[in-house]
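User: Hi! Could you walk me through this structure, one question at a time?

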Amino acid sequence: MKLAELFTAYPYALGKEQKTPVLTRLLQELTVHHQTACARYGRILASLPGATATGNPLADIPMLPVRLFKLLDLKSVEDAAIIKTLTSSGTTSQLVSRIFLDKETALLQTKALSSIICSFVGKQRLPMILVDSPDVIADRASYSARGAGLQGLSFFGRDHLHLLDTEMQIRHQAFEQFLARHAGERILIFGFTYMIWQYFYAAFAQHHLAAELDKAMLIHSGGWKKLHQEAVDNHTFKERIGTVLGIRNIANFYGMVEQVGSIYMECPEGVLHAPDFAHIIVRDPATLVPLPPGQQGLVQTLSALPHSYPGHSLLTEDLGTIHGEDDCPCGRKGVYFSIQGRLPAAELRGCSDTHAFGGRS
Ligand SMILES: [Zn+2]
């Protein structure tokens, strides 16, 4: 099975027995490709201590700490082949990731994102509300990490409405006109989790306004840190938005700028799903041994998409829990999981780099 064959209209088709050999081969090929094409990556792999096989071929794929992309430029193509450089958000005091894309990887990302989004939304382009201001779009670079995949998402809609003005106020008149234009139609709404909460939901709730967006699907992504500080979890988020804005079809997704295209969408059961071309492993933060379902640990993301940079196997700084594989009641195959937040900075420093580079237990 070739990589392109994994981008089907339903990218959650492969059970473990089918998926493991296909994905393992694709990822092993990527390891070899990056070893040859990226001298820095080759040197890092060569410096790894020998490791015992875990018995799970996917867990034996070497991994890089995602932080490394903030420290080093890692690319597996000639500079002339780079068509786009993605950067993560960051203040001046923070380092940003730099991810180098060639035509092939950018195309794979678009195809992957398209197969995932279309499997949830349908193939038809829907009228789309973007919960941001035109300003934010102009300053997209600073938002790319908060919503990996955002840049591509507007392609899945039409007649786009930027809901907010430059003061982050709702453009009520434009909103009313948009709803009148698309009365009775399905609508797609997209935005960063916190912006939807702060500038869309809160504005309506404060003024005791209500919306009836019962034909809308809301897709959102970005960190939960600020919402958790306000004691808002995913369940509360959905419940409040359903009550005030009338939106019942709500899906969060998890993703990162270092693996754009490989997004993990939330199904109606409230868990995040790995598509056929990606996989999740949860590891003990101290020993990096893979953990069984139900135990919280550091999330490793595997993706068959990154060809122009060695980002096919990354150890993130996010804490998550796998809940099961292939048997979610929604019918989607693959691992399903949830994210609980970030590993505290102090514990992160406790993770020795040797371990982090090792990628094996
Ligand atoms: Zn599911």
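This is a predicted model: local features need pLDDT of at least 70, side-chain atom pairs count only at pLDDT 80 or more; totals for chains, interfaces and linings use all residues.

The questions and answers below go from the whole chain to single residues.

User: Thanks! Are helix 8 and helix 10 parallel, perpendicular or oblique to each other?

Analyst: Helix 8 covers residues 193-206 and helix 10 covers residues 234-245, and their axes come within 10 Å. The axes cross at roughly 40 degrees, and helix 8 passes helix 10 in a left-handed crossing. An angle under 35 degrees would count as roughly parallel, and one of 65 to 115 as roughly perpendicular. The two helices are therefore oblique.

User: Which residues meet in that contact, and how do they divide into nonpolar, polar and charged?

Analyst: From helix 8 come T193, I196, W197, F200, Y201, F204 and A205, and they meet F237, R240, I241, V244 and L245 of helix 10. The residues of this contact divide into 10 nonpolar, 1 polar and 1 charged.

User: How far apart are the end C-alpha atoms of helix 10?

Analyst: Helix 10 has 12 residues, and at 1.5 Å a residue they should span 16 Å. The model agrees with that expectation, because the end C-alpha atoms are 16 Å apart.

User: Which residues of helix 10 are buried, and what covers them?

Analyst: Buried here means under 20% relative accessible area. The cover includes helix 8, strand 7 (216-221), helix 9 (225-229) and strand 8 (249-254). The buried residues themselves are F237, I241, G242, V244 and L245.

User: Are H208 and A231 buried or exposed?

Analyst: The cut-off for exposed is over 50% relative accessible area. H208 has 73% relative accessibility, and A231 has 64%. H208 therefore counts as exposed, and A231 also counts as exposed.

User: Let's turn to S313. Is it buried or exposed?

Analyst: S313 is placed in strand 13, residues 313-325. Leaving out residues up to four places away in sequence, S313 touches I61, P62, M63, L64, Q259, Q300, T301 and L302. Its relative accessibility is 2%, so S313 counts as buried.

User: How far apart in space are S313 and P62?

Analyst: In sequence, 251 residues separate S313 and P62. P62 is also one of the residues that S313 touches. From C-alpha to C-alpha, the distance is 6.8 Å.

User: Last one: is A46 buried or exposed?

Analyst: A46 lies in helix 2, residues 39-46. A46 and Q35 are 11 residues apart in sequence and 9.2 Å apart in space, C-alpha to C-alpha. With 67% relative accessibility, A46 counts as exposed.

Terms used:
Residues are numbered from 1 along each chain as its sequence is written. Side-chain values use heavy atoms; hydrogens and water are left out. Axes are lines fitted to C-alpha atoms, for helices over the stretch in contact, and angles run from 0 to 180 degrees between N-to-C directions. Helices (H or I, at least four residues) and strands (E, at least two) are DSSP runs, numbered from the N terminus. Angles under 35 degrees count as roughly parallel, over 145 as roughly antiparallel, 65 to 115 as roughly perpendicular and the rest as oblique. A crossing is left-handed if the near helix is turned anticlockwise from the far one by less than a right angle, and right-handed if clockwise. Contact means heavy atoms within 4.5 Å. Ala, Val, Leu, Ile, Met, Phe, Trp, Tyr, Cys and Pro count as nonpolar, Asp, Glu, Lys and Arg as charged, and the others, Gly among them, as polar. The expected span of a helix is 1.5 Å times one less than its number of residues. Buried means under 20% relative accessible area, exposed over 50%, partly exposed in between (1.4 Å probe, protein chains only).
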